[in-house]
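This report describes the fold of one protein chain. Please keep the sequence and the model in view while reading.

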Amino acid sequence: MPIHSSATGWILETRNTGYALGLNPAGLLAHRYWGARLPYISDYPAPFDPIKWSSPDGPHHFVPEEYPGYANTKYIDPCLKVTYADGTRDVVLTYEDFSITISPQPVLDLRFKDSHYPLQLTLHYRIHEEYDLIERWATLENLGDDPILIERAFSAKWTLPPGDNYSLTHLYGRHIDEFHVQRESLTPGLKVIESRRIIPSHRASPWFAVDRIAGEEQGEVWFGTLAWSGNFKITAEATEFASTRISIGLNDWDFAWKLMPHQIFVTPASISGYTKNGLGAASRIFHDYVRNEIIPHGKTPHKILYNSWEATLFDVDEASQSKLAYIAAQMGVELFVMDDGWFHNRNLDNAGLGDWFPDKVKFPNGLGGLITNVNDLGMDFGLWVEPEMVNPDSDLYRAHPDWVIHFPTRARTESRNQLILNMARTDVQNHIIESLDKLLSENNITFIKWDMNRGVSEPGWADAPGDQREIWVRYVQGLYHVWDILRQRHPKVIWQSCASGGGRADFGILKFADQIWTSDNTEATARLNIQEGYSQFLPANTMEAWVTDWDKDLVPLEFRFHVSMCGSLGVGGNLLEWNQSDREAAAKCISLYKEIRHIIQFGDQFRLISSQKNDYSAVQYLSKDKTEGVLFAFRTHIPEPFNIPLIHLRGLDPEALYSIEGVEQTWSGLAWMEAGLKVVLNNLQSKILRIKRI
């Protein structure tokens, strides 16, 4: 039984971890323990009961509450803040009861009510026993007859064991430079990581890891994420009494939700875990969880695609695309994707967005001829769309100018010549569903690249059913609704989430999309760093990685392919300009990738030597049964003389014998892991070495 109830509270156990909470003598829900699973239920500590003494703080301030509301003498960062109809601006929660559900997964529900007002709070804890993960979210219900204004409703507060000297790891970046790993000591005070752009953004990711002197493969790590594709906030708080806590949830900046009588509000889920085996193990736990439990086609190998954007830009038609498709097919590509420029009146980026039907000048007979050509070459066909956006120069905008996000009294700021459709509106949702459903129903399209190319401005919604500030949440809920309906109607279509690259990479969108467009930066040496950061919480099969012409004069084609082969391989260069030698080299790499992609996309990933810290880096993938693996080694630019470092493999069966491609000796798994091997590379050279158990 993974959930235990006792006089001291509740204990949640996974295969290797334990998590304990309970009501203290004051009736507050206090955190008790989070770490390695203990042998006996009686081993877990009792709920925290602070010693009372004369202080400006007061006893409530010291309790490590699971979900503190803003009230009385609590001065820590709260999870919940509301305003009642009479103006009262705090929430005093009293425990009501609990329930445990076993199937399909164990869930503990704890119910609380405000001591005076008709607000009910339910805290949910779902156990993912196999993955050593706990999923938490909250439900607020208005039991009364007057609206209640929610001003903050986080999903969870995760409390670390007592003590200090913790470090926080998170991801930071910008457009074309996403997913930089940042590690910093947590000193007293509040560290805030957030997005205010209606998407998670390139600047930050809804993921954290906290450790005490942990490395890649050793040390205690507490880690987590938020399954949400909009504004989020993570606060890391180290208090004056050596208490460290991570809160995560919807960003309360400019947020409010008018909770009407007898309605509920449900927060997105936070999923977190603990491991003794370092940041690498934390990543692999999340990788398995995403592949097995979240993405729609988790067991399906992703096809090698070609995208025509760099070759033709907006100048697309059946002849030009068919010519590119022929070359791509000769190289072994399995999926041909036509990018921007195919739809009505789309010749530059200043017109056409919103009118999702084929341009009659470029495709007078529709897309059918091109798709038939692609299919006859043995490839599937995919398409680029950007349904959340509209150009003012479009039929849709001329018909429905009120459909965009705006303030009626303000100028509508255009970015990239486009405005954002208000996905919170049901009429907008229905229009997008109908447009794309028609497109998919009338054409044999198996892949959709869904783009989103700008952040929000003038976040107004004059006809909002409640508070206009609900738009931040209702927009994302509307997006999910559209994706959900389209996925139900077209279950075999593979969807890719793109937001000018990695601006919307999160567990929430991966419930609908199988892939993330990782970054608009496809320069290979930069991608090494971007892809390493991405791998902190997202697996390789979700990471779309193209070989392009960005760096063709500086970086060898083989190096570029090797970098992209670390994820879901794609090609985006202008094939018309590739000579026969380039095409043959590409075909060779594509053939190799087909042989090893099951290891890369579904195996365990080990970051052996960091590219973000070194100009010589290595990453390894190993099949789940430990019988075969792939080692990638890269050298960017290092002045000579340079002593090539040893590469220590990971995850092998210590007793089994392994051979490594290009290496004469056969060693035990333990020897390869402890003694290591040296892969000699020149500047801008890379190697792929296959690993086999004998």
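## Overall architecture

The model is predicted. The protein chain contains eleven helices and 36 strands. Its C-alpha atoms fill a box of roughly 80 × 70 × 45 Å along the principal axes. A compact globule of 694 residues would have a radius of gyration near 26 Å, and the chain agrees because its own value is 26 Å.

Of the 694 residues, 61% count as buried. The accessible surface comes to about 26,300 Å², and carbon and sulfur atoms account for 50% of that area. Among contacts between residues at least 6 apart in sequence, 67% join residues at least 24 apart.

## Nonpolar cores

In soluble globular proteins, nonpolar side chains tend to be buried together. The largest nonpolar core of this model has 185 residues. Those with the most contacts inside this core are Tyr-125, Trp-342, Trp-450, Phe-507, Phe-561 and Phe-632. Helix 7, residues 471–489, gives the most to this core, with eleven residues. Another core, of 23 residues, lies apart from it; Leu-622, Ile-644, Tyr-658 and Ile-691 are among its members.

Leaving aside residues up to four places away in sequence, Phe-632 touches His-562, Met-565, Cys-566, Ile-600, Ser-617, Ala-618, Val-619, Tyr-621, Lys-687 and Ile-688.

Four strands form an open sheet in the order 1-2-3-4, with antiparallel pairing. Strand 1 (3–6) and strand 4 (29–36) stand at the edges; each has a single partner strand, so one side of each lacks a neighbour in the sheet. On average, neighbouring strands of this sheet are turned by 15 degrees against each other, direction ignored.

Strand 1 and strand 2 (residues 9–13) run antiparallel and are joined by four bridges. Ser-6 has Gly-9 of strand 2 as its bridge partner.

Strand 15 (residues 221–226) is largely enclosed by the rest of the structure, because six of its six residues are buried. Both of its faces are covered: Val-221, Phe-223 and Thr-225 are buried on one side, and Trp-222, Gly-224 and Leu-226 on the other. In a regular strand the side chains alternate between the two faces of the sheet.

Strand 15 pairs antiparallel with strand 14 (residues 207–211) over five bridges, and the bridge partner of Trp-207 is Thr-225 in strand 15. Strand 15 also pairs with strand 20 (residues 270–275), in the antiparallel sense and over six bridges. There, Val-221 has Thr-275 of strand 20 as its bridge partner.

Key:
Residues numbered from 1 in each chain as written. Heavy atoms only, no water. Core = buried A, V, L, I, M, F, W, Y, C linked by side-chain atoms within 4.5 Å. Buried < 20%, exposed > 50% of the residue type's maximum accessible area, 1.4 Å probe, protein only. Helix = DSSP H or I, 4+ residues; strand = E, 2+ residues; numbered from the N terminus. Contact = heavy atoms within 4.5 Å. Pairing = 2+ DSSP bridges. Axes fitted to C-alpha atoms, helices over the stretch in contact; angles between N-to-C directions. Rg over C-alpha atoms; globule rule 2.2 N^0.38 Å. Areas by Shrake-Rupley, 256 points an atom, 1.4 Å probe, with all protein chains shown as cover.
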